[in-house]
Amino acid sequence: MEQRISLITLGVTDLARSRTFYEQLGWRGQEVEQTVFFQAGGIAVVLWARESLAADAGVDARGTGGFGGISLAHNVRERDEVDQVLAAAAEAGAVVTRPARETSYGGYAGYFSDPDGHSWEIAWNPGFPLAADGSITVPDFGTA
């Protein structure tokens with residue numbers, strides 16, 4: 001299997017509310033058959049009804065309270081952008097779960113949860129500079 005993620009699908013309880021939330025952050029999506037697709041660099045972020053996603057995956061949709069064991073990350077180009085994105089997310093209806101602060105790796109980061117509880121890290125990491133297209137390349141850490 002090649003190392004690649006093509007789509008990230010977020011199970012949501014209210015498609016219109018979730019689409020509005022991401023559009024308030026400046027994202028532009030397309031709705032097709034009750035599914036919203038956002039182009040996000042070289043991948044797509046998809047919003048789909050939580051029940052439909054669970055049924056498609058063959059799992060139970062219950063158990064929605066608490067941490068789901070995954071966090072999405074959005075790296076920014078400048079340190080000040082972290083605070084700007086967190087503020088915009090809060091204004092759009094997110095809950096800031098950890099205000100921005102200095103990190104152990106010399107960066108600056110904070111977290112918010114979207115209206116369905118999906119955790120997003122907003123980070124400025126000088127060790128992972130962004131290319132012009134917004135992509136990152138994992139640096140050579142000198143380990144095998």
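Student: How many bridges join β6 to strand β7?
Tutor: This is a predicted model, where local features need pLDDT of at least 70, side-chain atom pairs count only at pLDDT 80 or more, and totals for chains, interfaces and linings use all residues. Residues are numbered from 1 along each chain as its sequence is written, and side-chain values use heavy atoms, without hydrogens and water. Helices (H or I, at least four residues) and strands (E, at least two) are DSSP runs numbered from the N terminus, and two strands pair if DSSP finds at least two bridges between them. β6 runs antiparallel to β7 (residues 108-113), and the number of bridges joining them is five.

Student: Which residue in β7 is the bridge partner of Glu102?
Tutor: β6 and β7 form a hairpin with five residues between them. In its turn, Gly106 has a positive phi of about 90°. Further along, Arg98 stands opposite Tyr111 in β7. For Glu102, the partner in β7 is Tyr108.

Student: In β8, which residue is the bridge partner of Phe112?
Tutor: β7 and β8 are antiparallel too, with six bridges between them. Their hairpin also holds five residues between the strands, and there Gly117 takes a positive phi near 85°. The bridge partner of Phe112 in β8 is Trp120.

Student: In what order do the four strands sit in the open sheet, and what is the pairing?
Tutor: Strands of a sheet pair through backbone hydrogen bonds, either parallel or antiparallel. Here the pairing is mixed, and the order is β5-β8-β7-β6.

Student: Which are the edge strands?
Tutor: An edge strand here pairs on one side only. From one strand to the next, the twist averages 15°. The edge strands are β5 (71-75) and β6 (95-102).

Student: How many of the six residues of β7 are buried?
Tutor: Buried means under 20% relative accessible area, exposed over 50%, and partly exposed in between (1.4 Å probe, protein chains only). Ser113 is in β7 and counts as buried at 15% relative accessibility. Beyond its neighbours within four places in sequence, Ser113 is in contact (heavy atoms within 4.5 Å) with Ala94, Val95, Thr97, His118 and Ser119. β7 is mostly covered: of its six residues, the buried ones number five.

Student: At about what angle to β7 does helix α3 run?
Tutor: Axes are lines fitted to C-alpha atoms, for helices over the stretch in contact, and angles run from 0 to 180 degrees between N-to-C directions. α3 (residues 79-92) lies across β6, β7 and β8 (119-124). Its angle to β7 is about 10°.

Student: Why do the buried residues of α1 lie on the same side, and what arc do they cover?
Tutor: In α1 (residues 15-24), Leu15, Ser18, Phe21 and Tyr22 are buried. The arc is that of the directions from the helix axis to the C-beta atoms. They share one side of α1 because they cover an arc of only 130°.

Student: Which residue caps the N-terminal end of α1?
Tutor: Just after α1, Gly26 takes a positive phi of about 100°. At the N-terminal end, a side-chain oxygen of the capping residue lies 3.2 Å from the backbone nitrogen of Ala16. That capping residue is Asp14.

Student: How far apart in sequence are the parts tied together by Asp116 and Arg17?
Tutor: A salt bridge is a side-chain nitrogen of Lys or Arg within 4 Å of a carboxyl oxygen of Asp or Glu. By this rule the count is four. The side chains of Asp116 and Arg17 form one at 3.2 Å, N to O. Asp116 lies in the loop between β7 and β8 and Arg17 in α1, so the parts tied together are apart by 99 residues.

Student: Which residues do salt bridges that share partners join into one network?
Tutor: Glu31 and Arg19 meet in a salt bridge at 3.4 Å, N to O. Glu31 lies in strand β2 (residues 29-32) and Arg19 in α1, so this pair ties together parts twelve residues apart in sequence. Glu31 is partly exposed, at 44% relative accessibility. The network joins Arg19, Glu23 and Glu31.

Notes:
A polar contact is a pair of N or O atoms within 3.5 Å; within protein, one must be able to donate a hydrogen and the other to accept it, and residues adjacent in sequence count only if both atoms are side-chain atoms.
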